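Please have a look at the structure first.

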Amino acid sequence: MPDKPWSGRFSEKTDVGVEAFTSSIQVDKRLYRYDIEGSVAHCTMLAETGIISQEEASQLIEGLGKIQREIERGKFQYHDSLEDIHMHIESRLIQEVGKVAMKLHTARSRNDQIALDVRMYLRHESRKIIGLLTDLRRVFVEAAEAHIDFLIPGYTHLQRAQPVLLAHHLMAYYEMFTRDEERFADGLERIDVLPLGSAALAGTPYPIDRRRTAELLGFSRVSANSIDSVADRDFVLEFLAGASICMMHLSRLSEELIVWSTAEFGFVDLPDAFATGSSIMPQKKNPDVSELVRGKTGRVYGDLVAMLTLMKSLPLAYNRDMQEDKAPLFDAVDTLADCLKIYRQMLPRLSFNREAAERAASTGYLNATELADYLAAKGIPFREAHGCAGRAVGYAIGKGKELHDLTLEELRQFSGQIAADVFAFLDVRNSVERRKSEGGTAADTVRGAIGEARKRLEMESGYSGKSA
Ligand code: ARG
């Protein structure tokens, strides 16, 4: 095993237990691509500024390419004693191209190098998550279009409240996932800053050209303060916060699918391919995918809390504690991507049960607000109208009937203002159709929202009207 690059001032070998304890290679090896890409750009800049020769840069870049292929073919050897991905690549490069490899680390430190690698990784992953969210939003728009005249009960306090279109309910999720996507896009703005060239914390005496490195790596900006640049993990926290909010949305969706697929609700049938059975109860079809998404939400929250706690009170600038940022970050990225992917597959295959949903939407006095609005439209102050409608509901419950099943005479006990036109008001579909206020559930309003969403998706991703 080669000597450690930092072993110069040490007279004793590192304890093997300490090597195993401090090593992060099993976690950070997934950053190899960014580490190599960053090193290639760094070498190119070092040669362009005359800090190393062209010839040296070519040798280094060739060696790095070889190492990348070795890693990708699974031929690369990892050892705890080499700590992390940076040291692995550097020591392999020394074996490969000899002493010149030792020049690669000129004008940089692992502190700015790891900040660079994580930024490059997260830039790539954020773009992938944004793409998955676009796909998911498209799935919701398509499902809304397919269910535009389908009524469901809308709930507050999980009590039937007012009838709404299923399409309107699905478009609520479109809005939630659109905000999530905006959050990740906004986070990208702050990820897009090159830390390299900050070196350990104070900058470097070499005449480097940070803007050139930024250009080579596709960063729009270079960090303004070398101390902040190696100490900052805000961009990781922002990603984890966005991921937690997005998982919270997915868990609300999961909960609704779990509840809606019960015999008690029966609004939705899960595709067999996305459900599991019970090893003891032959009749069961379990919503495990949704349950697991709901469960994994806790994991992602845990990742955010771990990271916030990790960063709390750390003195400037780099501290080794920060090596612990990768496990929660990678876990959150993987978990969120998996959940988005599985729902993108599963949602178009849900089958909604119109009969059960519409039966639920037209029973349970969801038209009581209609009766109050009807009376208010006749000039009765709303609070009083609300009282009349409430008494009518109490009466109807006693009779075991719905409001629209009462006779005109029965209804007139609660207000002399009630006339035959009340029955059109009590009709569930009319109740939905009257809610034409901006953002309301009337079919035309929802069609408008779907149209806007389609336009936006087209603009964002050259959407052609077909599912990707
Ligand atoms: N493996 C380290 C990390 O992930 C890289 C930076 C190490 N820097 C140091 N001075 N030990 O944070």
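Which helix gives the largest share of the shell around the ligand? That is helix α6 (residues 110-146), with 3 residues; helices here are DSSP runs of H or I with at least four residues, strands are runs of E with at least two, and both are numbered from the N terminus.

A word on the ground rules. This is a predicted model, where local features need pLDDT of at least 70, side-chain atom pairs count only at pLDDT 80 or more, and totals for chains, interfaces and linings use all residues. Residues are numbered from 1 along each chain as its sequence is written, and side-chain values use heavy atoms, leaving out hydrogens and water.

**Around the ligand**

S24, D84, H86, R110, N111, I114, Y318, Q323 and K326 surround the ligand, each with a heavy atom within 4 Å of it. By type, the shell holds 2 nonpolar, 4 polar and 3 charged residues; Ala, Val, Leu, Ile, Met, Phe, Trp, Tyr, Cys and Pro count as nonpolar, Asp, Glu, Lys and Arg as charged, and the others, Gly among them, as polar.

| Side chain | Ligand atom | Distance |
|---|---|---|
| D84 | nitrogen | 2.9 Å |
| N111 | nitrogen | 3.0 Å |
| K326 | oxygen | 2.6 Å |

On its own the ligand has 340 Å² of accessible area, and the protein covers 87% of that (Shrake-Rupley method, 1.4 Å probe).

**Aromatic pairs**

The whole structure holds 13 aromatic pairs, meaning Phe, Tyr or Trp rings (for Trp the six-membered one) with centres within 6.5 Å; planes under 30 degrees apart are stacked, over 60 edge-to-face, and the rest tilted. One of them is Y121 with F330, edge-to-face at 4.8 Å centre to centre and 65° between the planes. Y121 belongs to helix α6 and F330 to helix α12 (residues 326-346), so this pair ties together parts 209 residues apart in sequence. Both residues are buried (under 20% relative accessible area; exposed is over 50%, partly exposed in between, with a 1.4 Å probe and protein chains only).

F265 and F267 make another edge-to-face pair, at 5.3 Å and 75°. F267 counts as buried because its relative accessibility is 3%. Together with Y155 and W260, F265 and F267 form one aromatic cluster.

**A hairpin**

Strands β1 (residues 151-156) and β2 (residues 159-165) run antiparallel, joined by 6 bridges; strands pair if DSSP finds at least two bridges between them. I152 stands opposite V164 in β2. The hairpin has 2 residues between its strands, and H157 in the turn has a positive phi of about 55°.

How values were computed
Polar contact = N/O pair within 3.5 Å; in protein donor to acceptor, adjacent residues only side chain to side chain.
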